[in-house]
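This briefing concerns a structure of which the sequence and coordinates follow. Please read the points below alongside them.

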Amino acid sequence: MNVEQDQFEREVERQFAELRDRLAISPPDPALIDNLGIRLASEAARYRKRRGRLPALRPLLGAAAALTLIITLNMSAVVVGSASSDPESVVIDWVRSLGDTESQFTRLFESERQSRNQNLDEQSEDAGGLFNSLEESFESFESIIGA
Amino acid sequence: MDSDSAGFDRMLRRACRRDPDALQELAIRYGARVFGLQFRLTGSREAAEDLTQDTFLRVLRMISEYRHDGKFEAWLFRIAANLARDYVRRLKRRGPVFGLAGGDRSEGDCDRFELPDHRYGEPDRDLAKTEANARLNQALDEMADMDREILLLRQFSELPFREIADLLDIPLGTALARAHRALKRLKSAMDDEN
């Protein structure tokens, strides 16, 4: 411990003690603190409510993300493929294409449901099939490069 | 850990879970001191009221990041000082301001002078008080921002200088030297009035 610094600290504290009353201010309006407490309590309640809802929404987040992706892809496909450069026509084409989006979303949802229902045997069978096809690909690659 | 600090720690943990009663307790315990710091740093009662509210709303949002290392006051007053500093910077960018070194008074925004209420007599004493306040404010205004902040943090956070140095991320020697300079200036302003 630095003795000089300790002494200096004590000296500054002493000087501060002499002047601290000068720096004091009259207290704020009590209503400010009351209102602050009320606002905090209500914000905290809102925060807790929001947090409580999140776990319930979590399963839907994946579906919402998929839907957003499909709509975005569809929109860009329509914009790129649209015969007209008129923004209004592009939007009309996009709205028409939403019918396709709905069927795509249904297919996506259905396939997701089916994959959940698959039993473990089926999954391992799929994994085995995937492994075999990868092995075949490597073999053909090796024959091409003459290994 | 004594029973007081154990109780305080329990209250902080409840506040971390956004318990409304615990947060209200924090506002009651620290509201006036946070207000005091922000009032002296900004020179505006109105701004200090808004900033005090902002400080506690930020506490509500960020309290899960607090590490329960027994330094809640340092954590809270760092938020308060940062908000006041940002406010003053924004104000400085907008133009000259009373309450900052070398500035002019900006109407309606600054009331660091608390004018006395003359309805209850003793105008001479009130006048002297106003003059003393004016000197104090001028001395505060003429200080370097960091000197003023260290002094006011010592006053309102009630933290020792070494914790204020940690809070501001500066060496203790620097904090002490700046506080010493600020106090000297303040003392000289107060001596001039006698």
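The bend at a residue is the angle between two axes, one fitted to the seven residues ending there and the other to the seven starting there. Helices (H or I, at least four residues) and strands (E, at least two) are DSSP runs, numbered from the N terminus. The model is predicted: local features need pLDDT of at least 70 and side-chain atom pairs count only at pLDDT 80 or more, while totals for chains, interfaces and linings use all residues. Residues are numbered from 1 along each chain as its sequence is written, and chains are lettered from A and ligands numbered from 1 in the order in which they are written.

**Helix H1 of chain A**
- H1(A) bends by about 40° at Ala17(A).
- The end C-alpha atoms of H1(A) are 29 Å apart, which agrees with the 30 Å that its 21 residues should span at 1.5 Å a residue; the expected span is 1.5 Å times one less than the number of residues.

**Confidence in chain A**
- The predictor's confidence in each residue is its pLDDT, from 0 to 100.
- Chain A has a mean pLDDT of 71, and 39% of its residues reach 70 or more.
- Over residues 119–125 of chain A, pLDDT stays under 50, and the model has 1 contact beyond four places in sequence for them. Two residues are in contact if their C-beta atoms, placed from the backbone, lie within 7 Å.

**Fold of chain B**
- Chain B contains 8 helices and 0 strands.
- Of the contacts in chain B with a separation of 6 or more, 61% are between residues 24 or more positions apart.
- Of the 194 residues in chain B, 38% are buried. A residue is buried if 20 or more other C-beta atoms, placed from the backbone, lie within 10 Å of its own, exposed if 12 or fewer, and partly exposed in between.

**Interface between the chains**
- In chain B, 32 residues are in contact with 26 residues of chain A.
- Helices H2 (20–42), H3 (45–62), H6 (145–157) and H8 (172–192) of chain B each give two or more residues to this side; H2(B) gives the most, with 11 residues.

**Phe35(B)**
- Phe35(B) is found in helix H2 of chain B and counts as buried because it has 26 C-beta neighbours inside 10 Å.
- Leaving aside residues up to four places away in sequence, Phe35(B) touches Pro28(A), Leu32(A), Ala48(B) and Thr52(B).
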